[in-house]
Amino acid sequence: MKTFIKSFVFLLFFVYTECAFTCDYKYSLLTKGWFKLHVVPETWQDARLRCSLQGAVLASPTSSAMAAEMRHTMKNFFIQDTEVFTGIHATFSSGSYYTVDGIPLSKIPLVWANNEPDNFGNKERCITFSSNGSAADRNCEEPRPYICFRSGEKEVLTNRCGTVDDEYHYYAKTKKCYKFHRVPGSFERAHFVCSAENGHLAIINSEDEAEVLRRVFADNPDSSILGSFRKEVAYIGFHDWGSWGDFRTVHGETLKEAGYDKFVSGEPNNYNKIEHCGAIYRSALLNDLYCSGPLAFICEKDPAYPPVCQPTADEGIEIDKRFNNKVE
Ligand SMILES: [Ca+2]
Ligand SMILES: [Ca+2]
Ligand SMILES: [Ca+2]
């Protein structure tokens, strides 16, 4: 009977979570997918990476429905016509445009803006899409807003950590999830990655949490980490915020206030006077280190943030109106 109930609960869970995604994305019935407008402009590469870290792709107007939904998303926020980066790029080789998921430009029904595409200065390798429905090629380095898209038909379910990323593991001891990033980065890149994943660089709030991080680190032995960089130490979420010695978590508390401030003996030492960033050894003792990396890093995530939403009928204007893909 117990097993029966268990499988029933499992089945219910499965049905319930099908196509669910984080609630910071809005579901669109028209495209059967989830959209999130990122209003803070970023370079194309960072936009692509942020979408990818969220289990999504940089949205492209690959169909009239996608174009309509993208325009709707933009018009809901921007008062004036605005251009967002799309996932259509030629960053691998000049002039060879594909979406980030491999659809060639020739298969995409774009309406170009006047005098576009012109590859101005031979420096334009990213395609933008305007809320007026027109496309243009632009410099990938010039920051712009963008939209991330997650197909609702993807069968990957959100897990206990509230993400589709199964590298996040739940630890009952702290009721938090952690991901050990074996692909190394600078402290800045590590902070970017954890934030994009709706977490933050790990903050140790107790001896228990130090023990959890020791286990997380132990689950990722040197042999599992590719590349030649230091494997005995990883970035976590503390920094001197510009005044060496006043180490605080990325959430602004002193290490003592946060609940754990055990440095390895002789540390922090500001070696070479460039050590402003926080790191943890395999022993879970701390060190101040250079910020440029590359180092592995550990992200922490609250399993309840952001909440997970079911696909529902989308709020917003009627579908017919949104199918209007003309350039205005
Ligand atoms: Ca152009
Ligand atoms: Ca914590
Ligand atoms: Ca040091």
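View 1. Strands are DSSP runs of E with at least two residues, and helices are runs of H or I with at least four, both numbered from the N terminus. This is a predicted model, in which local features need pLDDT of at least 70 and side-chain atom pairs count only at pLDDT 80 or more, while totals for chains, interfaces and linings use all residues. Residues are numbered from 1 along each chain as its sequence is written.

**View 2. The partners of β6 are β5 and β7.** Two strands pair if DSSP finds at least two bridges between them. Strand β5 (residues 83–89) pairs with β6 in the antiparallel sense over four bridges, and H89 stands opposite C126. Strand β7 (residues 135–138) also pairs with β6 in the antiparallel sense over four bridges; here C126 stands opposite R138. Four residues lie between the strands of the β6 and β7 hairpin, where G133 takes a positive phi near 100°.

**View 3. I236 and the largest nonpolar core.** A nonpolar core is a set of buried Ala, Val, Leu, Ile, Met, Phe, Trp, Tyr and Cys residues joined through C-beta atoms within 7 Å. The largest has 37 residues, and A234, Y235, I236 and I298 have the most contacts inside it. A second, separate core of 32 residues includes F21, W34, A47 and M70.

Methods:
Chains are lettered from A and ligands numbered from 1 in the order in which they are written. A residue is buried if 20 or more other C-beta atoms lie within 10 Å of its own, exposed if 12 or fewer, and partly exposed in between; C-beta atoms are placed from the backbone.
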